[in-house]
Amino acid sequence: MPSGMGRRVRWVAVALCLAALSAGALPAADEEGNQDESLESKTLSAEDQVKDHSTGTRVVAGQIFLESGKSDSQSENEENFQSQEEEKENSLEELNSLEVSKLLNKDLEEAEIQSPVLTAIGGTADGEPCHFPFLFMEKEYAECTADGREDGRLWCATTYDYKKDQKWGFCESEEQSNKRRQMQEAEDVYQIGMKILNESSKKAQKKVAYQYLLKAADMNHTKAMEKVSYALLFGDYLKQNIQSSKELFEKLTEEGSPKGQMALGFLYASGLGVNSSQAKALVYYTFGALGGNLIAHMILGYRYWAGIGVLQSCESALTHYRLVANHVASDISLTGGTVVQRIRLADEVENPGMASGMLEEDLIQYYQFLAEKGDVQAQVGLGQLHLHGGRGVEQNHQRAFEYFNQAANAGNSHAMAFLGKMYSEGSDVVPQSNETALQYFKKAADMGNPVGQSGLGMAYLYGRGVPVVSF
């Protein structure tokens, strides 16, 4: 706030305080008088009180007033005194109101004067203020325009009638103009890419869309950089390049992108392309959540619930989860959107081959990433998907075997049981071997796995790798 305006606001505050004090002056005086009277009555003896004041009197603010038997002159003087006090109060209130009104009007006038004025650059009126609205080609313009220019540079007139006075200038420097046009071009390229991406379900077309997004990202388009950085991280329609995605996330973070901050937190939490640091991850997740990123809120909610890198706090976890829940509920109630369905790959282990819809490719990419980082549940779930096929995943025994083998080496009994199943049945990838199948079934059964126990029972029943047991 300018210093002059600040002083006037303080004077307005003083004036309002004076008005309030004057309005409460008489009651305050009565209270003080009563207090004085009380004190005097306590300090003076009854004889002194009778001596100094006649019966039926009271002391108010140091003055003696008769309670009864007042003379006409005394009554008249008292009425005159009260009338004078009321006139003073009314005058002070009128003065204060008038002063406040004047100061406020003056402040408003100065605020209008101090509002930024756009100044013409070059042209025929360099340094003169733009005039809005101005008339050009029988049309009024309330802001700068590029009409009438082939280079698209914004300009304004400095008088109302451009045709009459021919007074004009640019609204931006040449550098600003080039930057604005570059960003507009980037926005156009981004919109083309998003249109192709949203309207096509074919992978080839989506790859074409990402080429447009890549071009827009190279032109520093923020939303395009967000899309491309995630695509590079997961290898989604672009060749996976964690280092390039990290650089883009860092650039986005510097520009204040909540998505970039959340993703950089993910990199530091998982140690992808950087040295793992839960402290840095927490910082970036927090900034992303403050920027409104819902995934960051979900992550922080889980971390506070489980006490990962922070002190465990159900209240803090609830704060983050409630914010996300309210957003989803609002989106569904206002737009009629579909309810979000949670898909757990662990269900594949418990209910193999269950009928259900397709898994989104982004979700599969995410679980593949988890599996590569050593997540055993993701490895078993993906192994099941590739073993049976379905949910948009083609049957692939080689990949199924690799995922099961990774999980089995980590000591997972489900993976051991399914490896026993694969060796028991045999395929082009895994040669049939009852002996090897029996070993895996036995390991899984010893760990209490029902699939392993079932496989072991079938082996003894039909004599696969062991003598037939009859009863």
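The link between cysteine 144 and cysteine 171 is left-handed, with -90° about the S-S bond, and the sulfur atoms of cysteine 144 and cysteine 171 are 2.1 Å apart, forming a disulfide (a pair of cysteine sulfur atoms within 2.5 Å). Because cysteine 144 lies in the loop between strand 4 (139-141) and strand 5, and cysteine 171 in the loop between strand 6 (168-170) and helix 6 (174-199), the pair ties together parts that are 27 residues apart in sequence; helices (H or I, at least four residues) and strands (E, at least two) are DSSP runs, numbered from the N terminus. The model is predicted, with local features requiring pLDDT of at least 70 and side-chain atom pairs counting only at pLDDT 80 or more, whereas totals for chains, interfaces and linings use all residues. Residues are numbered from 1 along each chain as its sequence is written, and side-chain values use heavy atoms, with hydrogens and water left out.

Two disulfides are found when the whole structure is searched. In the other pair, the sulfur atoms of cysteine 130 and cysteine 156 are 1.9 Å apart, and this link is left-handed, with -60° about the S-S bond. Cysteine 130 lies in the loop between helix 4 (72-114) and strand 3 (134-136) and cysteine 156 in strand 5 (residues 155-157), so that parts 26 residues apart in sequence are tied together by the pair.

Cysteine 130 is buried at 11% relative accessibility (buried means under 20% relative accessible area, exposed over 50%, and partly exposed in between, with a 1.4 Å probe and protein chains only). Cysteine 156 is buried with a relative accessible area of 0%, and both cysteine 144 and cysteine 171 are buried. When the bonded cysteines of the chain are numbered in sequence order, the pairing is 1-3, 2-4.
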